[in-house]
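Trainee: I have a model open and want to learn how to read it. Where do we begin?

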Amino acid sequence: MAESKPRKAAAPKQAAKQSAVKPKQPEPHLAMVRRARKINRILAETYPYAHPELDFENPFQLLIATVLSAQTTDLRVNQTTPALFAKYPTPEDLAAANPEGVEEILRPCGFFRAKTRSVIGLSKALTEDFGGEVPGKLEDLVKLPGVGRKTAFVVLGNAFGRPGITVDTHFQRLVRRWKWTDETDPDKIEAVVGALFPKSDWTDLSHHVIWHGRRICHARKPACGACPIAPLCPAYGEGETDPEKAKKLLKYEKGGYPGQRLNPPQAYLDAGGKPAPPLGAG
Ligand code: SF4
């Protein structure tokens, strides 16, 4: 019989769990700020190449790509948008587009009929209300149909260089795991986390957290044993702590990582099992 096998597997996990650093409850605010900033510093070293994973050349393209990225991967959007922007390079072109032509291009993104309505409606609003330009202010961006604060901050932070926190699903999950906040409302999370960091860090912080959520700290099985911030994480042990098993949980898509399509999986960890910059990263 094979009764001894499961016990063997459980032992290292248990031992590792005990070694996790758990902040004192309640953690003093200053200690939490320091821990949060240290996490961000380590993630910045881990992902020095972190950037928005949607391809774009101007604010209009980023706005449309962000809207299209709902319910699909950035990789899929990046495979779709070149054809879209080749045919409809400006808000005026997309506003006047035949919906069937747009649907055909957007089909691989899923929900292509709703997304077609959305990008055409958005382009009409840009054309009619903003002279065909994407506005560079939060209050104007959120007036556009289908544009919430999350999308607005992606555009402000990455196309206009204005600091913004992108509270997507990864960001929400990770900051709660790190006990930066218990809030579940994205606007409240944005306010609480924003207060922990200088404004100038907000955009890069968002990239670091989202990249970490996509590659290591997954929703179902976080790869704790391959995580560079494990000593600072109150949720260490929620996922696999065995380094070898954890390595296997690191995520990449067919042909590479999301947005890092040229990186072979073996380039992801260095000899010590630590996440390493991808080949060719600056
Ligand atoms: S992978 Fe594990 S240790 Fe790392 S941040 Fe996520 S829960 Fe914490």
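This is a predicted model: local features need pLDDT of at least 70, side-chain atom pairs count only at pLDDT 80 or more; totals for chains, interfaces and linings use all residues.

Trainee: What volume does the largest pocket have?

Mentor: About 890 Å³.

Trainee: How do the residues of the lining divide into nonpolar, polar and charged?

Mentor: Sort the lining by class. You get 18 polar residues, 11 nonpolar and eight charged.

Trainee: Now a helix pair. At what angle do helix 3 and helix 4 pack?

Mentor: Read the angle and the axis distance together. Helix 3 (residues 59-68) packs on helix 4 (residues 74-87) at about 135°, and their axes are 11 Å apart. That angle makes helix 3 oblique to helix 4. Angles over 145 degrees would count as roughly antiparallel.

Trainee: Is the crossing of helix 3 and helix 4 left-handed or right-handed?

Mentor: Helix 3 passes helix 4 in a right-handed crossing.

Trainee: Which residues make the contact?

Mentor: Take each side in turn. Helix 3 brings Phe60, Gln61, Ile64, Ala65 and Leu68. Helix 4 brings Val77, Thr81, Leu84 and Phe85.

Trainee: How many residues of each class are in the contact of helix 3 with helix 4?

Mentor: Seven are nonpolar and two are polar. No charged residues take part in this contact.

Note on methods:
Residues are numbered from 1 along each chain as its sequence is written. Side-chain values use heavy atoms; hydrogens and water are left out. Axes are lines fitted to C-alpha atoms, for helices over the stretch in contact, and angles run from 0 to 180 degrees between N-to-C directions. Helices (H or I, at least four residues) and strands (E, at least two) are DSSP runs, numbered from the N terminus. Angles under 35 degrees count as roughly parallel, over 145 as roughly antiparallel, 65 to 115 as roughly perpendicular and the rest as oblique. A crossing is left-handed if the near helix is turned anticlockwise from the far one by less than a right angle, and right-handed if clockwise. Contact means heavy atoms within 4.5 Å. Ala, Val, Leu, Ile, Met, Phe, Trp, Tyr, Cys and Pro count as nonpolar, Asp, Glu, Lys and Arg as charged, and the others, Gly among them, as polar. On a 1 Å grid over the protein atoms alone, a cavity is a set of points where a 1.4 Å probe fits but cannot get out, and a pocket is an open set with protein on both sides within 12 Å along at least five of seven lines; lining residues have an atom within 4 Å of a point. Grid points are joined across faces, edges and corners, and a volume is the space filled by probe spheres set on the points.
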